[in-house]
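Dear colleague,

Please find below the structure that I am handing over to you. My findings follow it.

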Amino acid sequence: MDVLWIVLGLAAAAVGGWPVTSGVLKLARAVEAARPGLDPFSDPAADQVRDPVGAAVHPLPPLPRRPPLPAGPVILRGGLVIGFLERLAVAAAVLADEPVAIAYVVAIKGLGRYAELKETPAAAERFIIGTLTSMLWAVGVAAAVRMALLQG
């Protein structure tokens with residue numbers, strides 16, 4: 001019976017995390033789209049230094065131009081399959097009482113995507129949100145299964 005719970009828990013962690021992660025990413029995109037533009041006078045990262053009264057003191061030199069971002073949303077290829085495998089590995093690590101294996105999953109995923117994430121800040125933000133959501137889901141499901149197995 002324990003094997004059945006473990007298999008069902010792994011399946012729930014891997015498959016069930018997809019709609020949860022997708023929903024959180026949509027929510028993050030909606031929040032960002034609804035956010036009004038920043039006021040340059042109240043933005044601490046603005047290109048000017050102001051005195052306490054609010055007058056510009058010394059304009060800083062402009063930052064170098066970044067290359068234009070690609071048109072449309074940035075989609076990291078293979079994310080769906082990687083997400084399933086990531087949640088499966090994280091849940092298995094929790095069920096096997098090997099939490100250090102989660103660090104390996106994070107390291108492998110980060111190193112594998114490093115080049116893409118370095119070039120595109122928007123993709124890096126989505127990567128972080130998706131990874132954290134995915135891992136939290138997998139840990140939550142696996143912890144629930146583990147608790148059920150320990151009590152039974």
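**Findings**

Arg-87 sits over the face of Phe-84, at 5.2 Å from the ring centre. Please note that the model is a predicted one.

As for pairs between aromatic rings, such a pair is described by the distance of the centres and the angle of the planes. With ring centres required to lie within 6.5 Å, the count comes to zero aromatic pairs.

The surface carries a nonpolar patch formed by Trp-18, Leu-80, Val-81, Leu-85 and Leu-88. Together these residues have about 500 Å² of accessible area. Is Leu-85 buried or exposed? Its relative accessible area is 53%, and because a residue counts as exposed over 50%, Leu-85 is exposed.

Turning to the protein overall, its secondary structure consists of four helices and two strands. Along the sequence, these elements follow the pattern α-β-β-α-α-α. The protein has 152 residues, of which 22% count as buried. It exposes about 10,900 Å², and carbon and sulfur atoms supply 71% of that area. Where contacts link residues at least 6 apart in sequence, 72% of them join residues at least 24 apart.

Yours sincerely

Technical notes. Residues numbered from 1 in each chain as written. Predicted model: local features only at pLDDT ≥ 70, side-chain atom pairs only at ≥ 80, totals over all residues. Heavy atoms only, no water. Buried < 20%, exposed > 50% of the residue type's maximum accessible area, 1.4 Å probe, protein only. Contact = heavy atoms within 4.5 Å. Areas by Shrake-Rupley, 256 points an atom, 1.4 Å probe, with all protein chains shown as cover. Patch = residues over 30% accessible without salt bridge, like charges linked within 9 Å, V, L, I, M, F, W, Y side chains within 5 Å. Salt bridge = Lys/Arg side-chain N within 4 Å of Asp/Glu carboxyl O. Phe/Tyr/Trp six-rings, centres within 6.5 Å; stacked < 30°, edge-to-face > 60°. Lys NZ or Arg CZ within 6 Å of the ring centre and 35° of its normal.
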